[in-house]
Amino acid sequence: MRRMCHLVALAASTAIVAGADGGNVDLPRHPAVSPDGGEITYSWRGDIWKAPLGGGESVRLTAHPSVDSRSAWSPDGTMIAFESERDGASNLFVMRADGTDVRQVTFTDRPCVLSAFSSDGTSLLFESSREGDVYRDTRLYRVRVDGGPIARLMDCFGSHAVDSPDGSLVAFERGGSSWTRRHYRGPDDRDVWAFDVRAGTFSQVTDWIGNDGMARWRDGRTLVFASDRENETVNLYEMRIGEPNQTRRLTSFDGQDVWDFDVSLDGRRAVLLVWDTLYSLDLTGRGAEPVAIDLSASADSSDGIALKGVSDQTSE
């Protein structure tokens, strides 16, 4: 009996030490950057984590058995929105920047894909196939952070909607070619478009025969977007609205695509994902190179919630 107690105590001690060590974060996904460019959030092991842009120890903001994925910062940096499957379909939630006061915003049975906060911070922009359209593409929607009815952002199909800083324009993406279908050239390619909110008009921003998309505003007239127009690899580019001949490449990855990225509200920093690594990029000067972000995190924890199927325990 004494020997058994000793073994149990030793096992518990070993577990505590292992949990305190932490480790390098592998395969982070869906990066987002705070308005001032000082912090990032990302998805890892199905939860949302926060860390300094320069790297270091990450703080877990959510802990749930279901998958929490994309996140976005409010313009004032006080709130973080995120997607979660904890209610069945992927719905939108918001929380304080420290991970407290989690509230569900949408209650739908169709997956919602988070794009961004609105420029005034009162709403979330997202895409979804919630209207049963024959044309198999998503539409763009807006919902208030404090809840309420979901409203169409515009009447066309599209994805990745983001407000300009003053809210007068909405950049979005049209096209259905998969980003993983490398070197696609054809009529289903993705392009960046802009919607003038006051005039109700649309304009095409890019016209490359391959994929352009995932645009983010750097300022009221400048967009950062992903494109596979050079190196047969998806890289980041910068372009002012109405000046397509002045497009400038920001990254030079060769063979490894930029999968996702975000730009800080002040337009000075970007965070991007290339395969299994997050990078920071200084946007204030020409010739800056992406810098790998070294992230570590503590061992897994749980909030005590377990999902259990009861379909075989019910009667008529």
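These legends describe close-up views of one predicted protein model. Residues are numbered from 1 along each chain as its sequence is written, and side-chain values use heavy atoms, with hydrogens and water left out. Because the model is predicted, local features need pLDDT of at least 70 and side-chain atom pairs count only at pLDDT 80 or more, while totals for chains, interfaces and linings use all residues.

**View 1**
Helices (H or I, at least four residues) and strands (E, at least two) are DSSP runs, numbered from the N terminus. The C-alpha trace spans about 80 × 60 × 35 Å along its principal axes. The radius of gyration, taken over C-alpha atoms, is compared with a globule rule of 2.2 Å times the number of residues to the power 0.38. For 316 residues, a compact globule would come near 20 Å, and the protein chain agrees with 21 Å. Of the 316 residues, 47% count as buried. Buried means under 20% relative accessible area, exposed means over 50%, and partly exposed lies in between (1.4 Å probe, protein chains only).

**View 2. Strands β7, β8, β9 and β10 form an open sheet in that order.**
The pairing is antiparallel. Two strands pair if DSSP finds at least two bridges between them. β7 and β10 (103–104) stand at the edges with a single partner strand each, so one side of each has no neighbour in the sheet. Strand β7 (residues 68–73) is mostly covered, with 5 of its 6 residues buried.

**View 3. β7 and β8 make a hairpin with 5 residues between them.**
In the turn, glycine 77 has a positive phi of about 75°. β7 and strand β8 (residues 79–84) pair in the antiparallel sense over 4 bridges. Alanine 72 has alanine 81 in β8 as its bridge partner. Now follow alanine 81 to the next strand. Alanine 81 stands opposite valine 94 in β9. β8 and strand β9 (residues 91–96) run antiparallel, joined by 6 bridges.

**View 4. Strands β19, β20, β21 and β22 form another open sheet of 4 strands.**
Their order is β19-β20-β21-β22, and the pairing is antiparallel. The edge strands, β19 (212–217) and β22 (248–249), each pair on one side only. Strand β20 (residues 222–230) pairs with strand β21 (residues 233–240) over 7 bridges. Here valine 224 stands opposite glutamate 238 in β21.

**View 5. Methionine 214 and histidine 30 have positive phi values.**
Most residues other than glycine have a negative phi. Methionine 214 is found in strand β19. Its phi is about 55°, although methionine 214 is not a glycine. Is methionine 214 buried or exposed? Methionine 214 is buried, with a relative accessible area of 8%. Histidine 30 is found in strand β2 (residues 29–33). The phi of histidine 30 is near 55°.

**View 6. Arginine 45 and glycine 54 sit in loops.**
Arginine 45 lies between β3 (39–44) and β4 (47–52). Its relative accessibility is 51%, so arginine 45 counts as exposed. Arginine 45 and histidine 30 are 15 residues apart in sequence and 12 Å apart in space, C-alpha to C-alpha. Glycine 54 is placed between β4 and β5 (56–57). Glycine 54 counts as exposed because its relative accessibility is 73%. From glycine 54 to glycine 38 there are 16 residues in sequence and 8.0 Å in space, C-alpha to C-alpha.

**View 7. Cysteine 112 and cysteine 156 are too far apart for a bond.**
A disulfide is a covalent bond between the sulfur atoms of two cysteines. A pair of cysteine sulfur atoms counts as one when within 2.5 Å. How many disulfides does the structure hold? The structure holds 0 disulfides. The sulfur of cysteine 112 is 18 Å from its closest cysteine sulfur, in cysteine 156. Cysteine 112 is buried, at 1% relative accessible area. Cysteine 156 counts as buried too, at 14% relative accessibility.

**View 8. Leu27, Trp259 and Trp275 make a nonpolar surface patch.**
The patch covers about 320 Å². Accessible areas come from the Shrake-Rupley method with a 1.4 Å probe, and for residues only the protein chains shown count as cover. Patches are made of residues with over 30% relative accessible area and no salt bridge; like charges are joined within 9 Å, and nonpolar side chains (Val, Leu, Ile, Met, Phe, Trp, Tyr) within 5 Å. A salt bridge is a side-chain nitrogen of Lys or Arg within 4 Å of a carboxyl oxygen of Asp or Glu. Tryptophan 275 lies in the loop between β24 (269–274) and β25 (277–282). Tryptophan 275 counts as partly exposed, at 42% relative accessibility.
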